[in-house]
Structures are given as C-alpha cells and as structure tokens.
Amino acid sequence: MRSVRRVQGLRGAVVAATAVVLGVTGILGGTAPAAYADPGPSVSEKRLEEVRQELEGLYRTAEQATETYNAAKEQVGLQQKEIVKLAQTIDRTQRRMDELKRQAGALASAQYRGGGIPPEARLMLNKDPERFLDNAALVRKGQQAAKDLTAELARTKSALEGYAQDATDRWERLEENRRKAETAQLDVRKKIETAQRVESELAAEEKERLKKLEDARALQEQQKWLDSGVLKDIGAHASEAGKKAVSYATSQIGKDYVWGAEGPDTFDCSGLTMRAWQAGGRPIPRTSQEQWRQLPRIGLKDMRPGDLIIYYPDASHVGMYLGDGAIVHAPRPGRQITVTGAGSMPILGVVRPDK
C-alpha cells in the first residue's frame, strides 16, 4: 500500500501513474503550460474557446442532472425497502386484528349463550354466598377482559389505518422519485448527446487543441488558487482509512467517466468517492450533494489526503484530495479518471468521511 508521504508528494506511485498528464499540462501549477504548434486556420482560437465554454456548460448541466438522477435512484431503492417492511407490518397487524375480532366474537357468543341476562342479575339469583363472591370476581375479570379487548381492538384498527395511509404516502413519494429519476436521466442524455455532437464536428487535431485549452484553463484557475498562499497552511497526514481510500481512488486512474456509474469499470464523480471510502471502511452517501450535506465539514487549512473537496455552489462535483494541491476525480463524459489541481474548479468546501 502506498504510504501517506508517497501520496502527498505525488512523487511516488501517483506521479508514476500520472506523469504524462501532469508533465504535459503542468496542471498542478507553478510551471507554464506546454507550448504547441500553430494549428492553422481550421478553427479559430476564439471559436474554439466558444466551443469549450459551450461544452463546459452542457457537461455542467449534465453533471447536475446526474447527481439528481443518482439521488432519486437512491431514494427509490430505500423507499422500496421501506414499503416492503411496512407491508410486512401491515400483514402482522391485520392478522392481530383478525384474532381480536375472533375473540370479540367468542365473547359475544358466550353472552348470547347466557340468555342475554346481565351478569349482575345472575349474581343476585345465586343464593350461595361463597359462589356469589366467586362469581363476582369472575364478572369483574370478565368485564375488564372485555374492556381490554375493546381497547386493543380500537388501537389495532387505528394503527392499521395509520400504516395504510403511511404506505400510500410512501408509494406516492416512490413514484415521484421514479419520475424525477426518469426526467433527470432524459436530461443527462440530451445534454451529453448535444455535447458529443458538438465535439464530433471537430477534427482530430482540433479535439486535441480543445483538450489543451481545457487543461490551460484548469491550470490558470489552479495557479490563482496557489498564488493565494493556501498551501502554506495545508500539511496534515492521511488517516489509516484515508490511505486506503486514496489508494483505491488512484488505482482507478485512466478508467472512463460514465454518468450514474459506481464501478468497478467506470465511475461518475461521486461514484468514485463513494467506492473509495467503502474501500477505506467508511460507507458514505452516494451523491456529492448528500456527501456535502451529511459528512462533517472542515476548514480548507485542515485538509488532509482522503478528504473530499466539493465543487460549485450546487455541490454537483466532488474530488478526493491527494496532497500537494492535487485531487483525483472523474471529470466528465469523454474523459478518464485523472489527477488535477484542487483549485482548478470553484471550491464549495471540504468534508471528512472519517472525522
């Protein structure tokens, strides 16, 4: 297993796996991006920048929809399990209701066989004092039993009605989340198809120029982040669980991003971080929004390898911090899991799964 020092420095196994990415693009900052030849007049730099911005917008929208889809899909799974449990509870309660009704019927039959004479009147007709006292005790017990039976029957009936209403409400929420997942799925596909159509209109060398333009943009944002002096306060070591999570995440480098994927062959951004922390022994929520909402938040200066950096105001992207200002993440459709600068996207905050 890689040591923390190797992960933090990005000069051991991680650097070996990503040397080409970092060396060509200078993505962690501190060095100028690599120069490349004049591509000629096929697509102007201005137009290529417009394409980059268009693709960024499309993929950002697709990523937002992906996280909505993931959340709705997760809720559907949970709600299905809850409905099954509720159905089992309703079945048990219904059987208890049937038993109580049977007992109530038996009690009514016993009263009918007694001729309909009130128990108190039958007591008065008994001339044996000892039998009278025995009968009086039995009557009190019988009255209490009937009272208890009636009360339990009412409680069980009320509980059954409550469970039935709860089941109806949960089913409606289940259907709502199914519709939400279907809508988000359709939205993702439309945005990705549009983006792919835009990219398909570019020649091979133009696609390469576009990739370099994206890298240069990321480098520019990373350099601004580094110039703020943020790294001077960041130097904590990974926890044992964090080491395992980092090891898992970095071993996925080079695998394709696929929206909604949770591994082992393809991942989306939160699918990668979820599986990585499962490997670290800490189950975490499926989506980046829920990771941001549920996991303990920490200050940027306290960040250590294994922590999750949440990006954009809507918490729609997440990456895992490696140390030395770098993250590993699943970027977007058409790209592979890679290492990039932690400051290359707008940071919302940092969460720690093992705090």
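**Entry 1: ground rules.** I am working from a predicted model, in which local features need pLDDT of at least 70 and side-chain atom pairs count only at pLDDT 80 or more, while totals for chains, interfaces and linings use all residues. I number residues from 1 along each chain as its sequence is written, and I note that side-chain values use heavy atoms, with hydrogens and water left out.

**Entry 2: salt bridges.** I noted first that side chains of opposite charge can pair when their charged atoms come close. Searching the whole structure, I found 19 salt bridges, each being a side-chain nitrogen of Lys or Arg within 4 Å of a carboxyl oxygen of Asp or Glu.

I returned to R293 and saw that it forms a salt bridge with E290, the closest N and O atoms lying 2.8 Å apart. Both residues belong to helix 9 (residues 288-294), and because they are three residues apart there, about one helical turn separates them; helices here are DSSP runs of H or I with at least four residues, strands are runs of E with at least two, and both are numbered from the N terminus.

I then looked at R304, whose salt bridge with D354 has its closest N and O atoms 3.3 Å apart. R304 sits in the loop between strand 1 and strand 2, and D354 in the segment after strand 6 (347-351), so this pair ties together parts that are 50 residues apart in sequence. I recorded R304 as buried at 17% relative accessible area, and D354 as buried at 12%.

The next pair I checked was R332 and E199, a salt bridge with the closest N and O atoms 3.7 Å apart. Since R332 lies in the loop between strand 4 and strand 5 (338-341) and E199 in helix 5 (residues 129-200), the pair ties together parts that are 133 residues apart in sequence. R332 is buried at 10% relative accessibility, and E199 is buried as well, at 14% relative accessible area. I also found that R332 and E199 are linked with E214 and R335 in a network of salt bridges.

**Entry 3: strand 3 and its partners.** I followed strand 3 (residues 317-323) and found it mostly covered, with seven of its seven residues buried. Strand 2 (residues 308-311) pairs with strand 3 in the antiparallel sense over four bridges, pairing being called where DSSP finds at least two bridges between two strands. I located I309 opposite G319 of strand 3, and in the hairpin of strand 2 and strand 3, with five residues between them, I noted a positive phi of about 70° at Y312 in the turn.

On the strand 4 (residues 326-329) pairing, I counted three bridges to strand 3, again antiparallel, with G323 opposite A326 in strand 4. The hairpin of strand 3 and strand 4 has two residues between the strands, and D324 takes a positive phi near 55°.

**Entry 4: L300.** I placed L300 in the loop between strand 1 (297-298) and strand 2, where it is partly exposed at 27% relative accessible area. Leaving aside neighbours within four places in sequence, I found L300 in contact, meaning heavy atoms within 4.5 Å, with W225, V230, I234 and V350. L300 and V350 are 50 residues apart in sequence, yet 6.5 Å apart in space, C-alpha to C-alpha.

Key:
Buried < 20%, exposed > 50% of the residue type's maximum accessible area, 1.4 Å probe, protein only.
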